[in-house]
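Dear colleague,

Please find below the structure that I am handing over to you. A summary of the findings follows it.

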Amino acid sequence: MCGIVGYVGPKQALDVVIEGLRRLEYRGYDSAGVAIVADHRIDTRKKAGKLANLEAEIELDPLPASHTGIGHTRWATHGAPNDVNAHPHVSEDGTIAVIHNGIIENFAVLRDELIANGVKLRSETDTEVVAHLLAAQMKTSSNLADGLRAVCQRLTGAFTIVVVHSETPDVVVAARRNSPLVVGRGVGENFLASDVAAFIAHTRNAIELGQDQVVEITPDSITVTDFFGAPATVHEYEVTWDASAAEKGGYDLFMLKEIAEQPKAIADTLLGRIDATGKVSLEGIGLSDDELKSMKKIIITACGTAYHAGMIAKYAIEHWTRVPCEVELASEFRYRDPILTDDTLVISISQSGETMDTLMAMRYAREQGSKVLAICNSNGSTIPRESDGVIYTHAGPEVAVASTKAFLTQIVACYLFAMYLAQVRGTGFGESSSDIALELGRMSAKVDLVLDTSEAIRELAQEISDAQSILFIGRSVGFPVALEGALKLKELAYMHAEGFAAGELKHGPIALLEEGLPVIVVVPPQGHELHDKIVSNIQEVRARGAKTIVLAEDDDMTINEFAHHIIRLPKCPDLLQPLVATVPLQIFACEMATVKGYDVDQPRNLAKSVTVE
Ligand code: F6R
């Protein structure tokens, strides 16, 4: 949700900023803009649409050389995604340029105050007020950081703000509240960004900023304070992946690359967490055995794809541990007055670790006295930082907006947690605990086998690409897989797609069936108590003229006569099946969007990290 970059150092600022924006474009692509400081003035260029439009604009109207710059790629909140509303926003006197991610909730009051003081606002954004407030503040503040601190004290809402001043070359100042910002420490140069991906080609040394902090960077210094100027302690860390991990690496699309990386992502997430006897260990979980034993209830909160991972986790947690588990959409959770006690464990699942709905849900849970465990892919992000413990997924950077490898690793992390909890509580898993843990260790190779069937799935997508609507059905853990398959298709191919629990078909959705409507069915492994019931569902669907596309185990012949198309899945334990069943649906959605000519990596209206509520 908006990407932000700032640079000071010996290199050409524009090149560094544009390169950083390219790596952050997944966060928003409604418009892009840059500001650079040179010769006591600020120059900006900004353009609606993708970064390429901005680059074309700069080509036509070049910027002067400069060693200090900021850049922004926007996901619009206030104001249409046009050139005027694009960031940076500049003060009337031209001395200040501001970029911003988040929402300034009291901007209307501040705007009215500025208008009453004779300021003429040019855009419809909430951001522009900061430029004018800061310009006014600079009449009394001793330096830019002081000025920004004073302005931040007047703002409510969520924001990362980055500013430059025409009279202070070699200084970039930023502030954060409830919105991401990391500092990159280089040698004789320093960086600011929403995500380390923006500066990973220059340095792996990163600094997390805390809540309500202001940072000033110069080529040789990084100074962090709170909003009142008191020095702040920060956490410095080394990023464990390099720039190549955030490149396409020979694939046409990030999404294709990330789908292909899933076996490795699963293996990396399991690494060192299951020993040869099937015993699970989870470093960083932050909860003692006594605490885990005393938990009476688990609530999982997450959004979108991560919510689907939570739904799968519920089946595993309740089956293996017998601890009641609920799954909640994070955006709904705190507004319905949930019952939370100190023997409730809340698990927040988030790839980015910055999703505002999930962050607010976990903060709410902590305020009520519950412990919070994060399952997260982004080291040092806000959600794990504010949790009691964390299980990191090791998917590596996920750049495509539609989540793929992060989803599978979230499921793996949830299984690991469920197995660990069963181990600590001595509940066993119903089945032999060590056997199922060892089976989990084999899932990476099984996902690899599914990837070998990609071509057949692509052909299927091409064959039915004219469909107006596609339904997905599943039972047990196949139900969240069906929801995930439908979500991927909606977000990438912009078409009507819905997932249902197959048992619910006859309670309403069956009325949607008509001649030729594709229905994708996730069949549980043979021997599962719901297997035969779903085979009956396939027959019901087919009898009403629908085209049945069936995902079933390798040797499941019971479906052959009712399926128009069969996608084969490697055999695995019931509860682990989502890891193999999801992959064909990701490939299918990716191909449907490609056939339709859509931008798979950056679907319309979306952004990867949703940092506003
Ligand atoms: C869908 C997708 C989103 C995210 C959701 C939560 O492909 O990526 O639904 O899963 O916005 O994001 P995180 O996991 O970053 O909290």
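Rings of Phe, Tyr and Trp (its six-membered ring) are taken to pair if their centres lie within 6.5 Å; planes under 30 degrees apart count as stacked, over 60 as edge-to-face and the rest as tilted. The model is a predicted one, in which local features need pLDDT of at least 70 and side-chain atom pairs count only at pLDDT 80 or more, while totals for chains, interfaces and linings use all residues. Residues are numbered from 1 along each chain as its sequence is written, and side-chain values use heavy atoms, with hydrogens and water left out.

Aromatic pairs

Searching the whole structure gives six aromatic pairs. In one of them, the ring centres of Tyr7 and Phe191 are 5.2 Å apart and the planes stand at 45 degrees, so this pair is tilted. It connects distant parts of the chain, since Tyr7 belongs to strand 1 (residues 3–8) and Phe191 to strand 10 (residues 190–193), 184 residues apart. Strands (E, at least two residues) are DSSP runs, numbered from the N terminus.

Phe191 also pairs with Phe199: their centres are 5.8 Å apart and their planes at 35 degrees, so this pair too is tilted. Buried means under 20% relative accessible area (1.4 Å probe, protein chains only). Tyr7 is buried at 0% relative accessibility, Phe191 is buried at 2%, and Phe199 is buried at 1%.

Charges over rings

A charge sits over a ring if NZ of Lys or CZ of Arg is within 6 Å of the ring centre and within 35 degrees of the ring normal. Lys50 is placed over the face of Tyr29, 5.1 Å from the ring centre. Arg604 is placed over the face of Tyr494, 3.9 Å from the ring centre.

The ligand

Polar contacts here are pairs of N or O atoms within 3.5 Å. A polar side-chain atom of Ser352 is 2.7 Å from a ligand oxygen atom. For Thr355, a side-chain N or O atom is 2.5 Å from an oxygen atom of the ligand, and for Lys488 such a distance is 2.8 Å. The ligand taken alone exposes 410 Å², of which the protein buries 89%; accessible areas come from the Shrake-Rupley method with a 1.4 Å probe.

With kind regards

How values were computed. Helices (H or I, at least four residues) and strands (E, at least two) are DSSP runs, numbered from the N terminus. Buried means under 20% relative accessible area, exposed over 50%, partly exposed in between (1.4 Å probe, protein chains only). A polar contact is a pair of N or O atoms within 3.5 Å; within protein, one must be able to donate a hydrogen and the other to accept it, and residues adjacent in sequence count only if both atoms are side-chain atoms.
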